[in-house]
Amino acid sequence: MSSIKLNNLYKDYGQTNVIKGVDVEINSGEFVVIVGPSGCGKSTLLRMIAGLEKITSGTIEIDDKVVNDIDPAKRNVAMVFQSYALYPHLSIYENIAFGLKIAKVDKEIITQKVLSVANTLELVDQLNKLPKQLSGGQRQRVAIARALVREPKVFLFDEPLSNLDAGLRVNTRIELAKLHQSISATMIYVTHDQVEALTLAEKIVVLNEGEIEQFGTPMELYFNPKNKFIAGFIGSPKMNFIKASILNVNKNDCKVMVLDKVVDQSFPISNVKTNEDVTLGIRPENLKSVTLEQSLCSGGVELIESLGEYDLIYIRIPQHELLCMKVEIKNEIKMKDVIHLGVDSENVHIFDESSMSKKWP
Ligand SMILES: Nc1ncnc2c1ncn2[C@@H]1O[C@H](COP(=O)(O)OP(=O)(O)OP(=O)(O)O)[C@@H](O)[C@H]1O
Ligand SMILES: [Mg+2]
């Protein structure tokens, strides 16, 4: 177990600034997930922690010791990549044992450790095979075993499950969660998968263009996103955004207009001005079909996705992105129906239109 501190970390490739002043403190034994759009610097950040990428400025501390100039092999950090790159001519046993052999660990201890790790990851029956004789999921587990056997203080995972099919992804995700509970190592995990992020993480870092937008627990990010970027990034299908302008403000609430329609509902904020433009953020599960009088806006059904457990109804509102409403499967909604969309006031997020920062809750 190890704590990790990133202090004002920068990384430039020539004129390109990729990491721009990242500060994070990760507690010993914590499972932290990094998410963010493609190209925002997630892999670069992991590679910097692993020591595979030179730091432009700032410091990385592991257990309160600056490791900027410490060789990757001596950092006690293991990294598992998306492409698991096993040695094709070595058996699974030899692949897992490779790092220990290089480190000249005693042969009997190597056997002991490889067997123990193979047992945890259910690879005991595969040890004499070659990588090409294993399925993708088994190979990915070998890559994890190879990292695990070194007993590092810190694990770095760069989208380790993205090559696996849906079923294997779920199984391996559960294995990883169990593994983290049993060895309680510090883990930093990069993924594009919302479910992986929300289920595995104790804390999530949302990175955007090399900067941290928000760092917090999955529930903090989901229910209390700091700005419109986080609100739109965490949660799948993503939050709907509807443009509105403030009609009038009372002591504890305000009224809004959406697309020239006066909405017959009060919203619980007063830190706004008359005529101010705002964005209402509403998650698909909070959007509902109501009467015209109670509605925010109306539009025609453009697409229905039936996902077994529930339906996603996509509705076209003039001058807006498609809005998405999540409804129970027993519904009467058909293509081209006109739906009047409403929401309970307490389920609305309100963002400043220009700065995108949160105004409510
Ligand atoms: N060796 C390099 N030289 C120059 N630019 C680089 C180099 N490596 C990465 N970059 C740039 O740094 C940025 C961040 O890359 P990085 O691989 O960290 O993104 P990422 O968040 O992991 O993206 P993805 O989700 O697609 O894996 C990208 O714009 C990339 O083009
Ligand atoms: Mg990457």
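Predicted model: local features only at pLDDT ≥ 70, side-chain atom pairs only at ≥ 80, totals over all residues.

Residues are numbered from 1 along each chain as its sequence is written, and chains are lettered from A and ligands numbered from 1 in the order in which they are written.

**Whole chain**

- The chain has eight helices and 21 strands, where helices (H or I, at least four residues) and strands (E, at least two) are DSSP runs numbered from the N terminus.
- The C-alpha trace spans about 75 × 45 × 35 Å along its principal axes.
- Of the 361 residues in the chain, 35% are buried; a residue is buried if 20 or more other C-beta atoms, placed from the backbone, lie within 10 Å of its own, exposed if 12 or fewer, and partly exposed in between.
- Among contacts with a separation of 6 or more, 63% join residues 24 or more positions apart, a contact being a pair of residues whose C-beta atoms, placed from the backbone, lie within 7 Å.

**Ligand 1 and helix α1**

- The shell around ligand 1 consists of Tyr13, Thr16, Val18, Gly36, Ser38, Gly39, Cys40, Gly41, Lys42, Ser43 and Thr44, a residue being near a molecule if its C-beta atom, placed from the backbone, lies within 6 Å of it.
- Two or more residues of this shell come from each of β2 (16–26) and α1 (42–50), and α1 gives the most, with three residues.
- By class the shell has three nonpolar, seven polar and one charged residues, where Ala, Val, Leu, Ile, Met, Phe, Trp, Tyr, Cys and Pro count as nonpolar, Asp, Glu, Lys and Arg as charged, and the others, Gly among them, as polar.
- Within α1, Lys42, Ser43, Leu45, Leu46, Met48 and Ile49 are buried, and the helix is followed by Gly51, whose phi is positive, near 90 degrees.

**The loop residue Ala201**

- Ala201 lies in the loop between α6 (194–200) and β9 (203–208), and counts as buried because it has 22 C-beta neighbours inside 10 Å.
- Leaving aside residues up to four places away in sequence, Ala201 touches Phe31, Val32, Val33 and Pro218.
- The C-alpha atoms of Ala201 and Met187, which are 14 residues apart along the chain, are separated by 9.4 Å.

- Two packed helices are described by the angle between their axes and the distance between the axes.
- α2 (residues 92–102) packs with α3 (residues 107–120) at an angle of about 130 degrees, with the axes 10 Å apart, and the two are therefore oblique to each other.
- In this pair, Tyr93, Ile96, Ala97, Leu100 and Lys101 of α2 meet Ile110, Lys113, Val114, Val117 and Ala118 of α3; by class, the contact has eight nonpolar, no polar and two charged residues.
- α2 packs with α4 (residues 136–148) at an angle of about 30 degrees, with the axes 7 Å apart, so that α2 is roughly parallel to α4, given that angles under 35 degrees count as roughly parallel, over 145 as roughly antiparallel, 65 to 115 as roughly perpendicular and the rest as oblique.
- Here Ile92, Asn95, Ile96, Phe98 and Gly99 of α2 meet Val142, Ala145 and Arg146 of α4, a contact with five nonpolar, two polar and one charged residues by class.

Methods. Axes fitted to C-alpha atoms, helices over the stretch in contact; angles between N-to-C directions. Contact = placed C-beta atoms within 7 Å.
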